[in-house]
Amino acid sequence: MSKAALDHYTRSRTHELAKKGIRINNINPGFIRTAIIDRLGLPPQEVEDFYVELEKSIPMGRQGSSEEMGKTIAFLASGDASYITGVTLVADGGLSHGHPL
């Protein structure tokens, strides 16, 4: 729910902020491997099995990394993206486009 609220906030503030020369953008990351799952206390093999199954549902066949998300944020903040505002950029390896039947 918090992601949806941030998406809406990004869209709703675009017009007002653009008039002030401020760009507002948002990213929706997909599955990014962090230590949160590792800290659940599950057996290591169970954690690995979870990640193997998860990656089968991602069209790119892998999870993203925090470094990739950082580069995405840096791009949106850079001069290369100077005409981009009001965007929610999905960076999920294609997962949001559904799984083929």
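The model is a predicted one. Its largest pocket has a volume of about 170 Å³, and helix α4 (residues 66–77) gives the most to the lining of that pocket.

**The largest pocket**

- The volume of the largest pocket is about 170 Å³. Its lining is made up of 14 residues, and those closest to the centre of the pocket are Gly64, Glu68, Ala91, Asp92 and Gly93.
- Sorted by class, the lining of the largest pocket comprises six nonpolar, five polar and three charged residues.
- Helix α4 (residues 66–77) contributes three residues to this lining, the most of any element.

**Helix α3**

- Helix α3 covers residues 44–56 and has 13 residues.
- Val47, Tyr51 and Leu54 are the buried residues named in α3. They lie on the same side of α3, because the arc they cover around the axis is only 65 degrees.
- An α-helix has 3.6 residues a turn, so residues three or four places apart point the same way.
- On the face of α3 turned away from the buried side, Gln45 and Lys56 are exposed.
- The cover over the buried residues of α3 includes α2 (35–38).

**Helix α4**

- Helix α4 has twelve residues, and from its first C-alpha to its last it reaches 16 Å, close to the 16 Å expected at 1.5 Å a residue.
- Met69, Thr72 and Leu76 are the buried residues of α4. An arc of only 55 degrees around the axis holds them, and they are therefore on the same side of α4.
- The packing partners of the buried residues of α4 are β1 (25–29) and β2 (87–91).
- Glu67, Lys71 and Ala77 are exposed on the face of α4 turned away from its buried side.

**Arg62, between the two helices**

- Arg62 belongs to the loop between α3 and α4. With a relative accessible area of 35%, Arg62 is partly exposed, because that value falls between the cut-offs of 20% and 50%.
- Not counting residues up to four places away in sequence, Arg62 touches Glu55 and Glu68. Glu68 is also among the residues closest to the centre of the largest pocket.
- Arg62 and Tyr51 are eleven residues apart in sequence, and their C-alpha atoms are 9.0 Å apart in space. Tyr51 is one of the buried residues of α3.

**Thr10, in helix α1**

- Thr10 is part of helix α1 (residues 2–18). Its relative accessibility is 1%, so Thr10 counts as buried, a term that means under 20%.
- Leaving aside neighbours within four places in sequence, Thr10 is in contact with Ile24, Asn25, Asn26, Gly86, Val87 and Thr88.
- Thr10 and Ile37 are 27 residues apart along the chain, and 29 Å separates their C-alpha atoms.

- Leu95 sits in the segment after β2. Its relative accessibility of 23% makes Leu95 partly exposed.
- Beyond residues up to four places away in sequence, Leu95 touches Phe31, Ser57, Ile58 and Pro59.
- The C-alpha atoms of Leu95 and Gln63 are separated by 10.0 Å, although these residues are 32 residues apart along the chain.

**Lys19, between helix and strand**

- Lys19 lies in the loop between α1 and β1. Lys19 has a relative accessible area of 75% and is therefore exposed, since exposed means over 50%.
- Lys19 and Pro29 are ten residues apart along the chain, with 28 Å between their C-alpha atoms.

Note on methods. Residues numbered from 1 in each chain as written. Predicted model: local features only at pLDDT ≥ 70, side-chain atom pairs only at ≥ 80, totals over all residues. Heavy atoms only, no water. 1 Å grid on protein atoms, 1.4 Å probe; cavity = no way out; pocket = protein on both sides within 12 Å on 5 of 7 lines; lining within 4 Å. Points joined across faces, edges and corners; volume = space filled by probe spheres on them. Helix = DSSP H or I, 4+ residues; strand = E, 2+ residues; numbered from the N terminus. Nonpolar A, V, L, I, M, F, W, Y, C, P; charged D, E, K, R; others polar. Expected span 1.5 Å × (residues − 1). Buried < 20%, exposed > 50% of the residue type's maximum accessible area, 1.4 Å probe, protein only. Arc of directions from axis to C-beta. Contact = heavy atoms within 4.5 Å.
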